[in-house]
Amino acid sequence: MNIIHIDMNAFYASCHQAVNPALRGKPVLVAGDPKKRSGIVLTASYEARKFGVKTAMPNWQARKLCPHAIFIKPDYRLYVDFSDRFLEILNQYTPVVERYSIDEAWMDVSGCENLFGPCADIARIIQQRIWEELNLPCSLGISSNKLLSKMASNMKKPRGLTVLNPENIPEKIWPLPIGELIGIGRNMANHLEKMNIKTIGDLARMPVEILEDKFGIRGRCLHERARGIDNSPVNPTSRESAKSIGHSTTLPKDLDDIRDIQQVLLGLAELVGKRIRQEGYVGKTVTVIIRKSDFTTVTRSRTINPTNLTEDIYINALKIFEKYWDRTSKIRLLGISLSNLQKNIRQLSFLERNNKLERLNYVIDDIQNRFGYNAIFRAKLLKNNLSQDRVVSPLDVGYHPSFRKK
């Protein structure tokens, strides 16, 4: 029970309240282009959430629910500064700190008890210091692994502290809706619900063979997560060790229509770009895997300027594909990876960037992380032969991730 997950509460809004006392206790909405009705809420303070305002809600709807809300433009320099400052506090209690995102991190405090006391005491001290020194609220979860500690930090917000013992999983975790299991997005939740898996307990009790037959290796992973099994260590260097990041998909039917193929490549490029940005890299080599219906496989690469943008990855992947596809063969599998990775020297200062396309990529990532793949998406992924009236998600085309560390 030495793993702590720290989740900053309503982070963007809380940062503005921290530096401007006049905003404290008031409904604050950080929104994209607050002057436009077409903008959306990026983060709502807890004072605004009492009125039903939620992240990704259109500005006009938020104003209707909370007419006296204060709309603020995002200030990414501010968020990165506070992110670095709260991480500095964590590093004072253990060197084993893994940054998960701009507002989340894990700590492994094993062996630190002699210096700072039991794990729960360390968590309380950290929570209080972040509140007193940064004026920021945070929730903390304590458990035996990263999965359960993150689940625990979600249980009490704002400023909660929850200890989740593995033996309490059937009582505290299994009754929760399936969509609340970490790692299950809206699309996967929909697929599981169609199998009458409505709670985490339903998933845990489902024979693993059925899940593997339906979802492949991911089915076993989901079954283990439902039972609270997570063997991944807290890794301070997780953002430094990846050499290539890729995704591939076996298609639900063999494809020979370039429009369908373009859509699949865009979906894969979006997954790769999102992971590259999350890990803090840019890459210089785009590789495309093409497997034809006769199982002939072609793997080709091209070197580009360092990038982490979905658009760059997609455009170059499409060029590779069009060069090596004979336009008669049917395609059974497609994959994209980005390699020759290097740390993005502007990694944590993405909000300093002047490039609108770069900022857009990060905003999309943030919304999808919080609310699932379908919360926001590129129009090209809507309506085609693969999916007539809905968004095509990676799962819809048999998505299987391949995140390789070499």
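Contact, as the word is used in these legends, means heavy atoms within 4.5 Å. The model is a predicted one, in which local features need pLDDT of at least 70 and side-chain atom pairs count only at pLDDT 80 or more, while totals for chains, interfaces and linings use all residues. Residues are numbered from 1 along each chain as its sequence is written, and side-chain values use heavy atoms, with hydrogens and water left out.

**View 1**
With 0% relative accessibility, Leu 29 counts as buried, where buried means under 20% relative accessible area, exposed over 50% and partly exposed in between (1.4 Å probe, protein chains only). Not counting residues up to four places away in sequence, Leu 29 touches Val 41, Thr 43, Ala 44, Ala 48, Val 53, Ala 62, Ala 69, Ile 70, Phe 71 and Ile 72. Thr 55 is 26 residues from Leu 29 in sequence, and the two lie 8.9 Å apart in space, C-alpha to C-alpha.

**View 2. Glu 104, a position annotated in UniProt.**
The unreviewed UniProt entry carries the annotation "active site" at Glu 104; UniProt positions are given in the numbering used here, feature names are shortened, and annotations may be inferred rather than shown by experiment. Glu 104 is found in strand β6 (residues 104-108) and, at 11% relative accessibility, counts as buried. Leaving aside neighbours within four places in sequence, Glu 104 is in contact with His 5, Ile 6, Asp 7, Phe 86, Arg 99 and Lys 150. The side chains of Glu 104 and His 5 are joined by a polar contact of 2.9 Å, that is, a pair of N or O atoms within 3.5 Å, of which, within protein, one must be able to donate a hydrogen and the other to accept it, residues adjacent in sequence counting only if both atoms are side-chain atoms.

**View 3. Helix α4, residues 76-91.**
The 16 residues of helix α4 reach 23 Å from the first C-alpha to the last, close to the 22 Å expected at 1.5 Å a residue, the expected span being 1.5 Å times one less than the number of residues. Among the buried residues of α4 are Tyr 76, Tyr 79, Phe 82 and Phe 86, and Phe 86 is also one of the contacts of Glu 104.

**View 4. Strand β10 and its partners β12 and β11.**
Nine of the twelve residues of strand β10 (residues 281-292) are buried, so the strand is largely enclosed by the rest of the structure. Strand β10 pairs with strand β12 (residues 331-343) in the antiparallel sense over eleven bridges, two strands being paired if DSSP finds at least two bridges between them. Thr 285 has Ser 339 as its bridge partner in β12. Eight bridges join β10 to the antiparallel strand β11 (residues 297-307), where Val 298 stands opposite Ile 290. Strands β10 and β11 form a hairpin with four residues between them, and Phe 295 in the turn has a positive phi of about 70°.

**View 5. The cis peptide bond from Lys 157 to Pro 158.**
This peptide bond has omega near -5°, and Pro 158 is placed in the loop between α7 (146-153) and β8 (161-163).

Conventions
Helices (H or I, at least four residues) and strands (E, at least two) are DSSP runs, numbered from the N terminus.
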